[in-house]
Amino acid sequence: MKKLLIVDDEEKIREVIKEYAEFGGYEADEAADGMSAIGMVKLNDYDLIIMDIMMPKLDGFSAVKEIQKIKNVPVIMLSARGEEYDKLFGFELGIDDYVVKPFSPKELMARVNAVLSRVEPSDKNNVKIETYEGLEVNFEARTISVDGKRVELTPKEYDLLFYMIQNRNIALSRDKLLSDIWGYDFFGDDRTIDTHVKNLRSSLGPYRKFIVTLRGVGYKFEYNK
């Protein structure tokens, strides 16, 4: 059974989300602030975190930054603030979705299901590993290695790299990348893609060369044996 961590300083909101999560077949733990969430992530493994932004002790954005140093866990942010700046900042951190309060618990759980379906291996008995010179990509385990050394990416960086590899040698516009990776309801702009590509290239070391910029269009993963 998949396990969620619900982080919000409002007890009633945590209770409602937990009720819907358990009805949907998930286990759920609760935390009332960012500091508590970090402590719980250190002690437990979670499949997804639902994280409020405005909380005492430590805000949600800061908590996500610290959690990313510990484990690679998908995150859905909750916020009463729907400004584009907050959404862009969250997505540039590597979160997977952003939900504005007040929200429908049913819609939130649909988003949880969608995020988990994207990060879950489709066939655990058919491990797919591809190698591009010294870059090794394990699609099912969602891991990459550069010259034999494991490299950690954010969930969205994994999604971006895997999508580009699966569509290698094909020109991908920024709009297509935003639509297919972030979803139809994402209200970001080209800066989100450019920031993630920049971070991804930094992680790939010498194999950043495979991610080619197409001026005025977008990017492609270029590799020919």
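Analyst: Two residues are in contact when heavy atoms of theirs lie within 4.5 Å. The model before us is predicted. A case to begin with is Ala-63, which belongs to helix 3.

User: Which residues does Ala-63 touch, not counting residues up to four places away in sequence?

Analyst: Ala-63 touches Gly-34, Ile-38, Met-51 and Leu-58.

User: Is Ala-63 buried or exposed?

Analyst: A residue is called buried when its relative accessible area is under 20%. Ala-63 has 0% relative accessibility and therefore counts as buried.

User: How should I read the arrangement of a sheet, and in what order do the strands of the 5-stranded sheet lie?

Analyst: Begin with the order of the strands and the sense of their pairing. Here 5 strands form an open sheet with parallel pairing, in the order 2-1-3-4-5. The edges are held by strand 2 (27-31) and strand 5 (97-100); each has a single partner strand, so one side of each lacks a neighbour in the sheet. On average, neighbouring strands of this sheet are turned by 20 degrees against each other, direction ignored.

User: How many bridges pair strand 3 with strand 4?

Analyst: Strand 3 (residues 48-52) and strand 4 (residues 75-79) pair in the parallel sense over 4 bridges. At the residue level, Ile-50 has Ile-76 of strand 4 as its bridge partner.

User: Which strands does helix 1 lie across?

Analyst: Helix 1 (residues 11-23) lies across strand 1 (3-7), strand 2, strand 3 and strand 4. Its direction is at about 170 degrees to that of strand 2.

User: What is the order of the strands in the 3-stranded sheet?

Analyst: That open sheet is antiparallel, and its order is 10-12-11. Strand 10 (172-173) and strand 11 (211-214) are at the edges with a single partner strand each, so one side of each is left without a neighbour in the sheet. Strand 10 is joined to strand 12 (residues 218-221) by 2 bridges, and Leu-172 has Tyr-219 in strand 12 as its bridge partner. Helix 6 (residues 155-166) lies across strand 10, strand 11 and strand 12, at about 70 degrees to strand 12.

User: Where else is phi positive in a residue other than glycine?

Analyst: One case is Lys-57, with phi near 70 degrees. Lys-57 lies in the loop between strand 3 and helix 3, and it is exposed, with a relative accessible area of 71%. Arg-142 also has a positive phi, of about 55 degrees, although it is not a glycine. Arg-142 is in the loop between strand 7 and strand 8 (143-146), and at 12% relative accessibility it counts as buried.

User: Which peptide bond is cis?

Analyst: The bond from Lys-101 to Pro-102 is cis, with omega near -10 degrees. Pro-102 is found in the loop between strand 5 and helix 5 (105-119).

User: Finally, how should I read a cavity, and which residues line the largest cavity?

Analyst: One reads its volume, then its lining. The structure holds 1 cavity of 30 Å³ or more, and about 50 Å³ of space lies in the largest cavity. Its lining consists of Val-64, Ile-67, Gln-68, Lys-71, Val-73, Val-75, Gly-94, Ile-95 and Pro-155. Helix 3 (residues 60-70) supplies the largest share of that lining, 3 residues. By class, the lining has 6 nonpolar, 2 polar and 1 charged residues. Gly-94, one of the lining residues, follows helix 4 and has a positive phi near 110 degrees.

Definitions and conventions: Residues numbered from 1 in each chain as written. Predicted model: local features only at pLDDT ≥ 70, side-chain atom pairs only at ≥ 80, totals over all residues. Heavy atoms only, no water. 1 Å grid on protein atoms, 1.4 Å probe; cavity = no way out; pocket = protein on both sides within 12 Å on 5 of 7 lines; lining within 4 Å. Points joined across faces, edges and corners; volume = space filled by probe spheres on them. Nonpolar A, V, L, I, M, F, W, Y, C, P; charged D, E, K, R; others polar. Pairing = 2+ DSSP bridges. Axes fitted to C-alpha atoms, helices over the stretch in contact; angles between N-to-C directions. Buried < 20%, exposed > 50% of the residue type's maximum accessible area, 1.4 Å probe, protein only.
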